[in-house]
Amino acid sequence: MYSWGDNRCGQTGHIEDSSKEGQVIKPQLVEIGDNVQEVACGRNHTVVFTDEGAVKVFGGNGQRNPLQSGAPTSAAGLRCVSCGDEHAVVITGGGDLMTWGSDRHEQLGRDGDKSCSSV
């Protein structure tokens with residue numbers, strides 16, 4: 001996978017190789033390890049899932065804890081992934097909806113329950 005752009009929060013996946021005030025100017029390869037199946041981007045984060053079922057998250061959600069803290073580490077047969085400003089959503093092969101990140105405006109669909117990472 002190649003990425004570039006604003007990297008102030010590490011959202012391009014290039015942790016050490018950013019230049020010019022947090023910018024990755026030219027497309028650069030991000031070593032994922034598996035074949036990338038789908039990518040979604042939020043304001044300061046990127047979520048990638050692979051054909052092996054791995055979920056990779058780069059960057060943060062603008063809060064003190066990085067977005068990775070609620071992300072599933074694997075979810076076999078993911079159907080799709082989508083990101084908002086500071087949250088992410090995946091639908092698993094079994095039809096489960098998993099949400100994580102900021103729930104400031106109840107965008108995670110948890111009806112006020114902020115203790116879980118899936119619905």
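**Note on the strands, core and cysteines**

1. β3 and β4 run antiparallel and are joined by five bridges. Strands here are DSSP runs of E with at least two residues, numbered from the N terminus, and two strands pair if DSSP finds at least two bridges between them. Across this pairing, A40 stands opposite V47 in β4.

2. This is a predicted model, in which local features need pLDDT of at least 70 and side-chain atom pairs count only at pLDDT 80 or more, while totals for chains, interfaces and linings use all residues. Residues are numbered from 1 along each chain as its sequence is written, and side-chain values use heavy atoms, without hydrogens and water.

3. The order β3-β4-β5 makes an open sheet of three strands with antiparallel pairing. β3 (36–41) and β5 are the edges: each has a single partner strand, so one side of each lacks a neighbour in the sheet.

4. The largest nonpolar core has twelve residues, among them A40, V47, C83 and W100. Such a core is a set of buried Ala, Val, Leu, Ile, Met, Phe, Trp, Tyr and Cys residues joined through side-chain atoms within 4.5 Å. β4 (45–50) is one of the elements that give two or more residues to this core.

5. The structure holds zero disulfides, a disulfide being a pair of cysteine sulfur atoms within 2.5 Å. The closest cysteine sulfur to that of C83 is in C41, 6.8 Å away, which is too far for a bond.

6. C83 counts as buried at 18% relative accessibility, whereas C80 is partly exposed at 29% relative accessible area. Buried means under 20%, exposed over 50%, and partly exposed in between (1.4 Å probe, protein chains only).

Terms used. Helices (H or I, at least four residues) and strands (E, at least two) are DSSP runs, numbered from the N terminus.
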